[in-house]
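Colleague: I am new to this one. Can we go through the terms and see what each rests on?

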Amino acid sequence: MSEKHMQGEANSGMGRRDFLRAAGVAAATVAGTRAFAQAPATAAGANDRIGVGVIGCGGRGNAHLGTLRKLKEAGDDTFEIVAVSDVYRPRLNKAADEYKVKGYMDHRELLADPNVDAVCIATPDHIHGYQAIDAVRAGKHVYCEKPVTHWRQFDLTKQLNEEVKKGSVRFQLGSQGQSDPAWTQMRKLIQEGLIGQPIVAECGYFRIGDWGEAGMPIDDPNAQPGADLNWEAFLGDSPKRDFDVSRFFRWRMYEDYAGGPVTDLYPHSLTPVVYMMGAGMPSSVVASGGKFRYDQREVPDTFSVLIDYPEKFTIAVLGTQGNAYSATGGRGAGGRIPVVRGWDGTLTVMNDEVAFIPAGGSDKPEKTFPLERKESQELYWKDFFRCCKTGDETLSPMDLAFRVQTALQMGFLSFREGKTAKFDPAEQKIVL
């Protein structure tokens, strides 16, 4: 043990074994440090239900509508689905008819609806930031699908972060894994010094599947832009191109609208680790990868990122869409369980318990801390509604999303340019 650690332990009057005993007693309360009310936090009558509008009625939008319907069927009276929006009319009409709500082709018309108090943004990546800013300025709470912005939109990410800070609305990123109590418990143990100074963490995401025809089917191969399909609204700030049915329906395959695993999947993996370690903005990022299985797409299918932080630790994010084995069994679909290593020990999750392993290299935990449950999309939404009512911070607020997305944007830019991406904290910009 270093002299610094010896002094710190002597001053605290608590060795590691004493700490472990105390932590074991506190474990049950740690797991509950973030309350998830099974009923609404405040009694809500018909007039103070949160009116929800869903922007984007594709795969993720419909998944969220389905989750909200399940909550309603279970008796949740906190909210009401009141409107949907999509730039493709057949998709819009289908959702509006199914949920018996108003439908808008233009998201700005939905935001102008006085019955809408909160929005779920589930559009392509490059549209998220603009729609979120519009929503915040309109005074609407925002649940925004990950990634919060596109890989080329750092300035927009920064702008959205400032808009959320200025406003009084709540923001939550769609990284529903944050609802897992493991990360709150591990964060507390790290803050209390159990593993000593954090030095390196690893996480990742592994799955099989392209975003081609099987993953993102083309609704209508004969679709054309016009009154029922707003191609210009879809393009947003991306390069102007002639209409392409594949780009419209299978947008995750293309660099103009997505970034592959690093932005489409890694927010799920990196967000809990940045949260647990209290990481700020990165200092430098280097990345590698490529199209190692699926040639049809533009974006990589395999990607690895090393992120260095000024707090003197590194986070490694690894993953592929060519193999679903996650090595540690995953906690959440496709996810590799985070491993956080410090000078004095390691924290991870084993057998649905937080496990502490001494730094000497043993594979056997010295102490475990029980967990009550795993992540829950339903509870994630419920907590969002609670925060909308109370003003509490959400489980995945904009400030956290900003730090996570900056690291991932730096990763994609590093990969694309073949350079190390650095962050200039004085100028608040990415430098290549």
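Colleague: Which residue is the bridge partner of V142 in strand 6?

Modeller: F171 is the bridge partner of V142. Keep in mind that this is a predicted model.

Colleague: How do you know that strand 5 and strand 6 pair?

Modeller: Pairing needs at least two bridges. Strand 5, residues 141-144, and strand 6 have 3 bridges, in the parallel sense. So they count as paired.

Colleague: What is the order of the strands in the sheet?

Modeller: The order is 3-2-1-4-5-6. The sheet is open, with 6 strands and parallel pairing.

Colleague: Why is one side of strand 3 and of strand 6 left without a neighbour in the sheet?

Modeller: Strand 3 (102-104) and strand 6 (171-173) stand at the edges. Each has a single partner strand, so one side stays without a neighbour in the sheet. On average, neighbouring strands are turned by 20° against each other, direction ignored.

Colleague: Which strands does helix 13 touch?

Modeller: Helix 13, residues 377-390, packs on the sheet and touches strand 1, strand 2, strand 4, strand 5 and strand 6. Its direction makes about 160° with that of strand 5.

Colleague: What makes helix 3 roughly perpendicular to helix 13?

Modeller: The angle. Helix 3, residues 59-73, packs against helix 13 at about 80°, with the axes 10 Å apart. Roughly perpendicular covers 65 to 115 degrees. The angle falls in that range, so the term applies to helix 3 and helix 13.

Colleague: Which residues meet there, and how many are nonpolar, polar or charged?

Modeller: From helix 3, R60, H64, T67, L68, K70 and L71 take part. They meet Q377, E378, W381, K382 and F385 of helix 13. The contact divides into 4 nonpolar, 3 polar and 4 charged residues.

Colleague: Which residues touch the most other members of the largest nonpolar core?

Modeller: F171 and I315, in a core of 91 residues. Helix 14 (398-417) gives the most to this core, with 10 residues.

Terms used
Residues numbered from 1 in each chain as written. Predicted model: local features only at pLDDT ≥ 70, side-chain atom pairs only at ≥ 80, totals over all residues. Heavy atoms only, no water. Helix = DSSP H or I, 4+ residues; strand = E, 2+ residues; numbered from the N terminus. Axes fitted to C-alpha atoms, helices over the stretch in contact; angles between N-to-C directions. Contact = heavy atoms within 4.5 Å. Parallel < 35°, antiparallel > 145°, perpendicular 65-115°, else oblique. Nonpolar A, V, L, I, M, F, W, Y, C, P; charged D, E, K, R; others polar. Core = buried A, V, L, I, M, F, W, Y, C linked by side-chain atoms within 4.5 Å. Buried < 20%, exposed > 50% of the residue type's maximum accessible area, 1.4 Å probe, protein only.
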